Amino acid sequence: MDLSSNIMDLPCEVFADILTRLPLKHVHQLQTVSKLWLTNISTPHFKILYNMKSRTRPRALVVQKSDETYSASGLGPTSRIITISTMDLVSDNIKIQRDHLSFKIVGREYSFRVSSNLIIFQHKVCNLMTREIINLPNYSSYPSFCFDVAHIPSTNTYKIVRLFRCTKILATHGVLEIGFETLTLRDGGPIPTSWQFVARKEYFSYLIDTTCVDGVMYWLVRIMKEGAHIISMESENEEFLTISCPKEYDHTLFGQGQLADLNGKLCLAYYSKELSRMSLFLLKDRTTNQTWVKEYDINLSGMGDWVRIVGYVPLEGNNGDILINGTTPFRYNIKEKGGRKLQKSNVNYTCLYYDRCFTLERSRLPFASNGAITSEGFTIKDFKM
């Protein structure tokens, strides 16, 4: 039998499956092999397939802050260095890689946010993989409350959601009126020139936590003495729902809670320092019954005051680890129902990162002779993923 050694003789689906198993930096290199390879790798179908496969290969981004300077008033830092590195999640020990990206933020800017592989800071957005940086269009004059990002897998688009404070009502109770604006970033552009106003307002006292699961944004909020609830927004159609929190936990023992994406399901976690225990509830039905099920009760002795779920790290078969960050990182194995502490890491926080075929398609900022990218108010050093 005459067997050909040309990989292009393979069926298209086999060829695509092979490429989706490679690191994204290698896929980018293979685009230069030929026009045919470039065409196949650039199709929306391949990009969505690659992004789906990459969900099984997460890495962690480590965010560290240093060199903070303060004014005489002491009202927040006037400048600081924010360094973002990668962590290997395959080995038993979390090891921070040397390759990193550094931002020097100048001014009292509180909107620095790492979400769904994008960084939002000082009216800009940065794509970590391609190192593209674009200016965000002007938004309404209302003061920003926070920025969040949702990735929509089915269309491979990003939606940036800006929460802004409209007015303060019921001043004696400290309730805020919050509005929403969105900005949709499509693969390859063009970049929108304006934000889209959402005909929706919410009322709460403060925001506890936020996350995105499969294109749905979730905000855990609280209204003073009335307790906490969750606001959800479907990113594609911008439909809102209000979700009640589970009633099974004791408010006097457990903290306010944290949201996380746990293997494609919304997780609400409560941590008790007194009990050294974290209880994890998963939402089984978002739209109708809104059923919460308590899946895990994890012993976290010696983890300290500040404990957060980073996310789910899939292993072979149906096995996987829940990565938890605190004074000492902790990996809880779902199958074995037990965990192990890892080596200590001096970090501010971590989040999961997935290789994702996406480009903003805007001119990158020019490299200086020393290999750094510079712009007004910040500096970015070379970052290799």
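**Cavities and overall fold of the predicted model**

The second largest cavity is lined by Asn 117, Asn 127, Met 129, Tyr 158, Tyr 353, Tyr 354, Arg 356 and Phe 358; a cavity is a set of points, on a 1 Å grid over the protein atoms alone, where a 1.4 Å probe fits but cannot get out, and lining residues have an atom within 4 Å of a point. The model is predicted, with pLDDT of at least 70 needed for local features and 80 or more for side-chain atom pairs, while totals for chains, interfaces and linings use all residues. Residues are numbered from 1 along each chain as its sequence is written, and side-chain values use heavy atoms, without hydrogens and water.

The cavity holds about 30 Å³ of space, a volume being the space filled by probe spheres set on the points. Two cavities of 30 Å³ or more are present in the structure.

The chain contains four helices and 26 strands, taken as DSSP runs (helices H or I, at least four residues; strands E, at least two) and numbered from the N terminus. Of its 385 residues, 50% are buried, that is, under 20% relative accessible area with a 1.4 Å probe and protein chains only.

In helix α4 (residues 44–54), the buried residues are Phe 46, Lys 47, Leu 49, Tyr 50, Asn 51 and Ser 54. The elements covering them include α1 (12–19), α2 (24–30), α3 (35–41) and β8 (144–152), where contact means heavy atoms within 4.5 Å.

Note on methods: On a 1 Å grid over the protein atoms alone, a cavity is a set of points where a 1.4 Å probe fits but cannot get out, and a pocket is an open set with protein on both sides within 12 Å along at least five of seven lines; lining residues have an atom within 4 Å of a point.
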